Amino acid sequence: KRYQRVNIQQKLTGQLTKTTVGKRVINEQRYRMVLAAAISLSFNFLYALYHGVLGVVHSSLWFITMCAYYAILSVMRFSVVLFEYKNKSKSSADTEFFVMRLSGILLILLSFVLSGVIYISLSQNIAVKYDEILMITIAAYTFFKIIMAIVKAVKQHKNPSPLLAVIRNIGYAEAAASILTLQRSMLVSFGTMDNTEAHIMNILTGAAVCLYVLTIGMYLLLKRNNRTKTAI
């Protein structure tokens, strides 16, 4: 069985290397990360559009706030993809640090938007309830995203590229927000706590997530500013 898996993997790799895109996906770490950011950008944009339309149709502050959340993620990832597209032939450190600074500002803004999302969801008791199998599936996917973020952090911690650092930190922020959403849904779906305990737990987790996203944003800003001072 192990031989069969290796053989299948070799065949797939061979097929991919026959195309220009496939060859770059296999051989270039930077290309893989930017391509993943482009795919995530598409989903973020569709989610922003979906929530924006619902927000206007239903005059719902909740949907409008969620639209703002996904819109900010879209702008950050769009700036990364646009930079890479504009600089195919060579990489500009100054432009990469500009993208880092922009993303830092947007992450700080995102932390406040998340605060609004949490406040509205708690005050209006908004949480999606799923059946047990679907809830376990969503939980597995969320933990998979967290594990992948950790793996990328370990593998790429020595890579000096500011652009890749931005992509990683956007993923960290999104994963943290996913944990909060997962917790709220699990508490509603499984009902293991009374309302008061669940409310307190959601407040504490929400505050931790917002503080974490704010810290990431400040980190990107300070890292960019420290680089500017060093250059001077």
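This is a predicted model: local features need pLDDT of at least 70, side-chain atom pairs count only at pLDDT 80 or more; totals for chains, interfaces and linings use all residues.
**Chatting through a helical model**

Reader: Where do α3 and α7 come together, and at what angle do they cross?
Author: The axes of helix α3 (residues 29-58) and helix α7 (residues 162-190) come within 10 Å, crossing at roughly 40°. Axes here are lines fitted to C-alpha atoms, for helices over the stretch in contact, with angles running from 0 to 180 degrees between N-to-C directions. Helices are DSSP runs (H or I, at least four residues) and strands are too (E, at least two), numbered from the N terminus.

Reader: OK, back to the pair. Which residues in α3 and α7 meet?
Author: From α3 there are Q29, R30, M33, V34, A37 and N44, and they meet L163, L164, I167, R168 and E174 of α7. Contact means heavy atoms within 4.5 Å.

Reader: And how long is α7, from its first C-alpha to its last?
Author: α7 has 29 residues and reaches 42 Å, close to the 42 Å expected at 1.5 Å a residue. The expected span is 1.5 Å times one less than the number of residues in the helix.

Reader: Is α7 mostly covered or mostly open?
Author: Mostly covered, as 23 of the 29 residues in α7 are buried. Buried means under 20% relative accessible area, exposed over 50%, and partly exposed in between (1.4 Å probe, protein chains only).

Reader: Switching topic: where is S111, and what does S111 touch?
Author: S111 is found in helix α5 (residues 93-123). Leaving out residues up to four places away in sequence, S111 touches C210, V213 and L214. S111 is also buried, with a relative accessible area of 3%.

Reader: What about A139, buried or exposed?
Author: A139 is buried, at a relative accessible area of 10%, and its place is in helix α6 (residues 132-156). The C-alpha atoms of A139 and I179 are separated by 8.7 Å, although these residues are 40 apart along the chain.

Reader: Big picture, then: how many helices and strands does the protein have?
Author: Eight helices and zero strands. Of the 232 residues in the protein, 38% are buried. Among contacts between residues at least 6 apart in sequence, 76% join residues at least 24 apart.

Key:
Residues are numbered from 1 along each chain as its sequence is written. Side-chain values use heavy atoms; hydrogens and water are left out.
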